[in-house]
Amino acid sequence: MSWPTIRYRDFYDVPRIFIMTYNSKLYLFDCPLDDELDEYSDRYRVYQLPAISEDELQGSWERLPERAVSLLG
């Protein structure tokens, strides 16, 4: 059994945004800061992403949810 590879950015106690590949699909787990509460949620929004090049992952990931194929939950 092989484990999926996880790549993350933004870390506050735990990774706040990370991507992983599973069964040849790319998933984004996002837990943005809630400005109103000034807190991070204890839940992630999970998105399926299209194929994204390594060059695109070098910059900010802030807009990656906009690229999602679907919101899974």
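Which residue forms a salt bridge with arginine 7, and how far apart are the closest N and O atoms? The partner is glutamate 54, with the closest N and O atoms 2.9 Å apart.

## About the model

This is a predicted model, where local features need pLDDT of at least 70, side-chain atom pairs count only at pLDDT 80 or more, and totals for chains, interfaces and linings use all residues. Residues are numbered from 1 along each chain as its sequence is written, and side-chain values use heavy atoms, with hydrogens and water left out.

## Salt bridges

Let's begin with the charged pairs. Side chains of opposite charge can pair when their charged atoms come close. Here a salt bridge is a side-chain nitrogen of Lys or Arg within 4 Å of a carboxyl oxygen of Asp or Glu, and the count comes to three. The pair of arginine 7 and glutamate 54 links distant parts of the chain: arginine 7 sits in strand β1 (residues 6-12) and glutamate 54 in helix α1 (residues 54-57), 47 residues apart. Helices (H or I, at least four residues) and strands (E, at least two) are DSSP runs, numbered from the N terminus. Arginine 7 is partly exposed at 30% relative accessibility, and glutamate 54 is partly exposed at 45%. On this scale, buried means under 20% relative accessible area, exposed over 50%, and partly exposed in between (1.4 Å probe, protein chains only). The areas themselves come from the Shrake-Rupley method.

Glutamate 56 pairs with arginine 67, and their closest N and O atoms are 2.8 Å apart. Glutamate 56 lies in helix α1 and arginine 67 in the loop between α1 and β7 (70-71), so this bridge ties together parts that are 11 residues apart in sequence. Glutamate 56 is partly exposed at 36%, as is arginine 67 at 33%. Glutamate 66 forms a salt bridge with arginine 63, at 3.0 Å between the closest N and O atoms. Glutamate 66 is exposed at 57% relative accessibility, and arginine 63 is exposed at 56%.

## Charges without a bridge

Aspartate 30, in strand β3, is buried yet has no salt bridge. Arginine 45 is the nearest side chain of opposite charge, 4.7 Å away; Lys and Arg count as positive and Asp and Glu as negative, while His and the chain ends are not counted. Beyond its neighbours within four places in sequence, aspartate 30 is in contact (heavy atoms within 4.5 Å) with Arg16, Ile17, Arg43, Tyr44, Arg45, Tyr47 and Pro65.

Asp34, Asp35, Glu36, Asp38 and Glu39 form a negative surface patch. Patch members have over 30% relative accessible area and no salt bridge, with like charges joined within 9 Å; the place of a charge is CG for Asp and CD for Glu. Aspartate 38 is in the loop between β4 (33-34) and β5 (39-40) and counts as exposed at 57% relative accessibility.

## A buried leucine and an exposed threonine

Leucine 26 belongs to strand β3 (residues 25-30) and is buried, at 15% relative accessible area. Leaving aside neighbours within four places in sequence, its contacts are Ile19, Met20, Thr21, Tyr47, Gln48, Leu49, Pro50 and Ile52. Glutamine 58 is 32 residues from leucine 26 in sequence and 16 Å away in space, C-alpha to C-alpha.

Threonine 5 comes in the segment before β1 and is exposed, with a relative accessible area of 57%.

Technical notes:
Patch = residues over 30% accessible without salt bridge, like charges linked within 9 Å, V, L, I, M, F, W, Y side chains within 5 Å. Areas by Shrake-Rupley, 256 points an atom, 1.4 Å probe, with all protein chains shown as cover.
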